[in-house]
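Welcome, and thanks for taking a look at this one with me. Below are some numbered notes to read alongside the model.

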Amino acid sequence: MAPTLKGGDAALLPEFPRGPLDSYRARASFSWKELALFTEGEDMLRFKKTIFSALENDPLFARSPGAHLSLEKYRELSFLRCKRIFEYDFLSAGDMFESPLKVSTLIQCLGMYDWSLAAKYVLHTLIFGSAVFSSGSERHFTYIQKIFSMEIFGCFALTELSHGSNTKAIRTTAHYNPATEEFIIHSPDFEAAKFWVGNMGKTATHAVVFAQLHMPGGQCHGLHPFIIQIRDLKTLLPMPGVMVGDIGKKLGQNGLDNGFAVFHKVRVPRHNLLNRMGDVTPEGTYVSPFKDARQRFGASLGSLSWGRVVIMAMAVTNLKLAVSIAARFSATRRQFGPTEDEEIPVLEYQTQQWRLLPYLAAAYALDHFSTSLFLDMVELQRGLAAGDRSARQAELGREIHALASAGKPLASWTAQQGIQECREACGGHGYLAMNRLGVLRDDNDPNCTYEGDNNVLLQQTSNYLLGLLALRVRDGARIRSPLKSVDFLDSYPSILDQRFEVSSVADCLDSAVALAAYKWLVCYLLRETHEKLNQEKRSGSGDFEARNNCQVFHGRPLALAFMELMVLQSFHEHVHRPCVPPSLRAVLGRLSALYALWSLNRHTALLYRGGYFSDEQAGRVLESAILTLCSQLKDDAVALVDVIAPPDFVLDSPIGRADGELYKNLWGAILQDSQVLERASWWPEFSVNKPVIGSVKSKL
C-alpha cells in the first residue's frame, strides 16, 4: 500500500511553483511526494521541515548575497549558529539512542545549509559526546548534560602534527602520580602538538585527549583517552600549561576552527581518565576488562568509526545537493537542437544524461546504505553501553569497522567526482561561486582525508577480508558475520566458476545481473590478493613489506569492489522488498540497475582478465544497458531531485531553484551583489522583470 499523509496534510509537501520545470515534472513516471514519504516517512519529513523552517525564519541564519565574511567573523557566526541550534532543542541527549535517525537527519539538514556549522555540531555532540559516553563510565556522565546545554564545548584530540593515520605512534604522554592521584599530560616537543582538531582553534573548552599511559614502574599501556579542560569557561583563555590556537585558513569549511594544543606538564585528576577500556587504581595499578591490548585499543577508538559513518552521510548529502542543482539546470538550459529554430534542454542529450544520472542513482543507493550503517553503528554502541562482551558483539565491531573504513572512501570519492562532473555539466554558470558547486567541492574535499586517509583506510577493509579467507583456508572455518556482509564468501570457489551469460540489453536491466558479477569480482580479487600476499612472503618479504607491495592493484581494488557490492546489495534488496508501492518499483529498480552497471563498468578490464567476460558482446551489452537506463530515467530526473533537494533557501543556488526560472534567478542574484549594484547603478531599469536585451540596445 502506498504511503499517505495523515489527515491529508499536503502542506508538508507543497506543490512546487509553476515554471519551466513543469514539463519534466508532468512526464515523471511516479509521484515525487509518494517517493518522499516512502523513503523518509512522514515523521522524518516533518522533522526536516521544522529544521528548515527554523533556519529560514531566523535572522541569524539569513543568507547575505555578496557578503564576504572575514575568517574571524565567519567562525564567530558559526559558533553563534551552533549555540542557537541547541536553543531550538531539536535533539535531546536521549534522542541519540532512542531516535537515532533524527540525529543523522539533523546533521544532514545543517550540512545542507553550511558544513562548517554541521561539522561544529557533530564534533561537539557526536564525536566528543560519544567518546565521553562510550569510553567513560558513570563518573563521566555529568558531562553529557553539560554538552547538550553547552556549558562546555568539546573537541576530539587524537592526531598530532607529526602523526595522523599511525595512531599507535602518538607521542603525547600521561604519567600517573599515585601520591597526588593525578595524571601529568605532556607534549614532549612541538611535533607532538595535537593538530587539526576541529573546534579547538577558538571555541572548545574541553577536549578528549589521547595520550600514552605510563605507570610509575615505567610500563606503558598504550593510548588512552582523557577529558581535559583546555580553556577557561568564562574568558576562553587557555588553562595553565596549555598552549592552544588556530591553525589558519583552509581550502573549505572555514567557519570551523581547526586548532592545535601543546601540553606542558598539565595535571588532571585520576578520574579524568575515560576508563571503560582501562583504568588505574588510586595506588597505581592498571586494570582492564580486555586481556588483549589490541582489542582494548580498537574499542577505545570507536568514536572514529562514528566519524567515518557520519562522513559517509555528509558526502552523500553533498552529492545530493550537487546533482539537484545540475539536474534542474540541465532541464531548463536550452542549447542547439534538430533545427536552427529549435533549442532543446541539455538534459535531452545522451552525453548529459550519462554524465549526471549515474550520480543521481549513486546518491540514492549510497544514501540508503549510509543510513543502514548508521543504524548498525547505533546497535553496536547500545551493546557497548550495556556491557556486552559477547563474541557476536566483538565480531559486529570488526565488521562495522571494515564497512566504515571502505564506505567513507567510496562515498567521499563518489561525491568528489560527482560534484566536479556537475560543475562542468553546468558550464560557465557552474563556475560562479553563487551557484554553490565550488563551495560544495571544497567543503566535501576534507571528507577524503579526515578520520583516516581514504587509501590508508581501504587497507583496513582488505585486511579484514584477507583474514577471513586465511581462517577458512587454514582451519576450514565458515565465513559468517553478524550483518551477513561477507556470508557469500563462504561459497567463493563455486562463485569463481560462474560466468556472464546475459546476451541482451533487456536481460541486463535488472540489478541482480550486476550483483552476481560483483560477487564474482570480489571473490576473484580476494583470491588474487591472497595469492599475491603469499607470493611476496615466499620471496622473503616480511609481513609489512608484503602487505605494502599488495595494495595498488590488489588490496585497494578489492576493498572498493567489496564496498560497491555492499551498497548495491543493500539497495537492490531495499527496492525489491514487498512493501515497495507498485507505482515506485520501476523507477527504483532503474536507479538500482543504473548504479550497479555504471559502477561495474569501471571494472571491465578485470572482468575480462579473470574470464568472467569472454567476448566483446558482454562489454557492449553492459554499455548499451547503461545508456538505455539513462534514457529511461531522463524524464524522471527532475522529480527524483525534487525528493532529495532541500528548500531553495537551504540549497542556495540560483541555477538550482525549484521554479526553474534559470535566467531570472541568476540575473536577480547578480544584481543583489552589492559590488555589481555599485557599478551598475546607472542602469536602474535592469531588473529581472524587464527585457534585458532591449535595454542594453537602447543604452548602447
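1. Let us start with Asp376, which sits in helix α11, spanning residues 350–385; helices here are DSSP runs of H or I with at least four residues, strands are runs of E with at least two, and both are numbered from the N terminus. Asp376 is buried but has no salt bridge, and Arg392, the nearest side chain of opposite charge, is 7.8 Å away. Buried means under 20% relative accessible area, exposed means over 50%, and partly exposed lies in between (1.4 Å probe, protein chains only). For charge, Lys and Arg count as positive and Asp and Glu as negative, while His and the chain ends are not counted. Not counting residues up to four places away in sequence, Asp376 touches Ile400 and Leu483, where contact means heavy atoms within 4.5 Å.

2. A word on the basis of these notes: this is a predicted model, in which local features need pLDDT of at least 70 and side-chain atom pairs count only at pLDDT 80 or more, while totals for chains, interfaces and linings use all residues. Residues are numbered from 1 along each chain as its sequence is written, and side-chain values use heavy atoms, with hydrogens and water left out.

3. How many salt bridges does the structure hold? There are 36 salt bridges, each being a side-chain nitrogen of Lys or Arg within 4 Å of a carboxyl oxygen of Asp or Glu.

4. Glu40 and Lys48 meet in a salt bridge at 3.0 Å, N to O; Glu40 is partly exposed, with a relative accessible area of 25%, whereas Lys48 is buried at 13%. Arg657 and Asp648 also meet, at 3.6 Å, N to O. Arg657 is partly exposed at 33% relative accessibility, and Asp648 is buried at 18%. Elsewhere, salt bridges that share partners join Arg27, Glu348, Lys634 and Asp635 into one network.

5. Please look at Met200 next, in the loop between β4 (194–198) and β5 (206–214). Why does Met200 count as buried? Its relative accessibility is 0%, so Met200 falls in that class. Leaving aside neighbours within four places in sequence, its contacts include Cys155, Ala157, Ile230, Val244 and Phe260. Met200 and Ala157 are 43 residues apart in sequence, and their C-alpha atoms are 8.4 Å apart in space.

6. His401 lies in helix α12 and is partly exposed, at 25% relative accessibility. Beyond its neighbours within four places in sequence, His401 is in contact with Ser305, Arg308 and Gln460. Finally, the domain assignment, which is automatic or taken from a database, gives domain 1 (152–298) and domain 2 (456–636). The C-alpha centres of domain 1 and domain 2 lie 41 Å apart.
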